[in-house]
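Please find my notes below.

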Amino acid sequence: MIHIFSHISLFIKNNVKQIKRKWYLLPLLLLFPIILIGLIAIIFSALFQPEKADPIHIGLVDLDQSKEIQMITTALTETNHLGSMVKLSVLKEHIASEQLDDNQLSAYVVFPKDFTNHLYQGKSVKLSIVGNNQRANEAYIVKELMDSVTRHINTSQANILLLNDYADRFGMDYGERREYLFEQFKSFFLFSLSKDKLMDEEKLVNEATASPFHYYTIAAWFVSIIVWLLLFFNFLYKEDVVRIKKRMMLYGVKEWQQILARVIVSLFIVMIVSALFFIGIQRVLAFELYVEDYFRIGIIIFLSSLSYLMILSVIEVIVTSQKLRLLCQVIVTGLLIVLSGALLPVIYFPLAFQDVLSYVFTTEAFYWIQEIILNDRFYAEYNMLLIMNGICLIVFIVLSLWKERVRA
Amino acid sequence: MINIIQTRLIQWKKHSLQLLFWLLFPIVVTWIVVTVGNTFQDDMKIPIGIVLQDDTILAKDLYESIHATPFIRTYTLDEREALHKLEKHELDSVFVIQEGYEEHIRQGSRNALITAYESDVSLAYTPVSEMIMSYVQQDAGRSKAAYAVKELAEQLHVHFDWNWDDLIVRSKEIEKKQDLLQTRLTFPGNGIVHRDEGKNLFQPWHIWALAAFLSTLLLFDWVIKENNPAILKRFVFTNVSPKSYFVRNMYVYIALFFTIDLLTAFAFKYIFDEPLSLTLIVSILGYHLMISLGAFLLALMIRKTFVYYAIAFILTFISVIVSGAIIPLDGLLGRYPWLHFLNPLAAFLDGDFFHIGLGVFIVILLLWYGRKEEYHAAS
């Protein structure tokens, strides 16, 4: 028993030496997740805040040339229903297509021939939107806008048809009816555009700390911890030559002792680094925590990190090929991060996934961290994390012993 | 060359399972990612709370329409409970169908029929409220049409037995009969990625390119394993120089990749219904040639396989982000067009053969090949 501990402490010293020898890699390891997350954050913010000076240019191609389309296009271009972020211009089709190629337009919408006639007769009509490959996101926004417009037209249309039907029944002649329907079409379209008053909108602001910014900062911290653990655990990995392996076996040193030493060292380093990072976050976000909260958060991070490292260790024991092992570790890490809800809040997941989530320890850990920091909970549950640790440890020991036996 | 192929074949035979795994890796990964992505997309629903304060048929019909909307998951709750859940972020938003909903619609008034609550972390409030508003709008519009018919009858002095409910039923019938107006989004051009709507959440060729990036790098580990002093010494006794040995073996690997790539192109046509064209094949080959050369040169610089593998994974991960597989890059590309060159997948995704990286790698390879050989000279 004493042997085991002295072996492990020897390996720990060895690991520390290894880190000292390659100290120049440390900043790289520490900054890697932060740089990546920063990069993702920049991409995200660029996605949601398109250049304000540069609105989305949409071309409207009118092959129908009817009064109704002109009414719609002027209503759309003149009212600021679509807001200032959109700029519409009526164009000929070949010009629109040229401008799309020149990257001047985000998309153009084609109103086909006989658009209005078909609408009045109740025939199905297709509006085609041609998007710019280089500005696919903006094209999707255009699609959303047009969907909203067509929904208005759709609801109006059934009613126009109803009126057409009754006007016919009441003995109105074709010309008059056409005029009347146009008036009604206009009236219904404007009626649709003013739909906003249907709804009384209220915003619920519960806590000062519960904004998406807070959520994602905490999430970034949580993801960084996992990535650091993965990096350190593998950074400390050393390829042993067969000769050395044999010699170590003669000394009674086991593979699992070596792995365990790496678990301890990585856990220790990452706990310190993440604590520092956490203090930094707290400075920026300024949320209030009690001393007990720090302990709770510390325990949660400790337990989930340990579980995660044990899973990595189990993979290392099972998979001997280095390539395959890294692949497995990366996949498991990816799954644990995605399922934790740090990228997309868990409530938006499909129900089938949500059932599985109660067995995922990162989800549990991230849930309680959120509760404590964002929702001011004064309580946390550790049972699931403890059980997870127990299971991982047992699996690891059993597998290591079994492997030891097989080899011997 | 024949000798090289023969020795390589013997070596492959020994590791055939591993080789096969990494060769098929891109296809399998693409299939898994696309399938899982699509089921996720189909089943992803926005949880909202509905508070039904009005007990009329019209209000219940409204609830049914909301409930039947594919991307929404509804929970009927009372107001207090709903708002509490919203505060705890268990719901995206809450919609209260106010008392007197039907009454107001019948009278043609449409102010504040619904009260909507969103919290500051409601990610999907806008599309949901748009949807619900369009349903309410339908009800309001039908009522408006019913009044218009009444007006018309009065205007034309036609005797007409006006009945609100009958006209609403008529209007619903008409609407049901015709599927009226639809929109369709298409993208022109010859890019590899076909983003036309209604298809996959993840683009098969995009995922393939990333998976191939990783598997190609990992498969070039033979360079490291064979580039060690113990083996290099043996070249003195052969008539092949180490450099030409490595380069010829690289050809063999690239030829192997190309064969698999052709199979992949056919497989994707059947699995994902991806169009198969000459431009596609040309850009696949260009892309795979580039990453193969890059992997080869990288492997020449590194001594330890584990370090090489770690770098391979990190590079792949960076490519996943810079290529816009998870988060689209349009906004950034508009501002910083040079980002395009950093993305190893750029040329491939645009359907081009030549990426600047390919040129750089070829130049480096020629420079390396032209330099004097150390081992021949030393021995």
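1. A:Ile153 counts as buried because 22 C-beta neighbours lie inside 10 Å. The cut-offs: buried means 20 or more other C-beta atoms within 10 Å, exposed means 12 or fewer, and partly exposed is in between, with C-beta atoms placed from the backbone. A:Ile153 sits in helix H6 of chain A, residues 136-169. Helices here are DSSP runs (H or I, at least four residues), numbered from the N terminus.

2. The model is predicted: local features need pLDDT of at least 70, side-chain atom pairs count only at pLDDT 80 or more, and totals for chains, interfaces and linings use all residues. Residues are numbered from 1 along each chain as its sequence is written, with chains lettered from A and ligands numbered from 1 in the order in which they are written.

3. How far is A:Ile153 from A:Ile35 in space? C-alpha to C-alpha, 47 Å; in sequence, 118 residues.

4. Chain A splits into domain 1 (2-44 + 209-407) and domain 2 (56-198). Their C-alpha centres are 54 Å apart. In chain B, domain 1 is 2-38 + 192-378 and domain 2 is 45-177. There the C-alpha centres are separated by 55 Å. Bounds come from an automatic or database domain assignment.

5. H2(B) still bends by about 50 degrees at B:Phe25, and B:Pro26 follows within four residues. The bend is the angle between axes fitted to the seven residues ending there and the seven starting there.

6. Buried residues of H2(B) include B:Pro26, B:Thr30 and B:Val34.

Conventions
Helix = DSSP H or I, 4+ residues; strand = E, 2+ residues; numbered from the N terminus.
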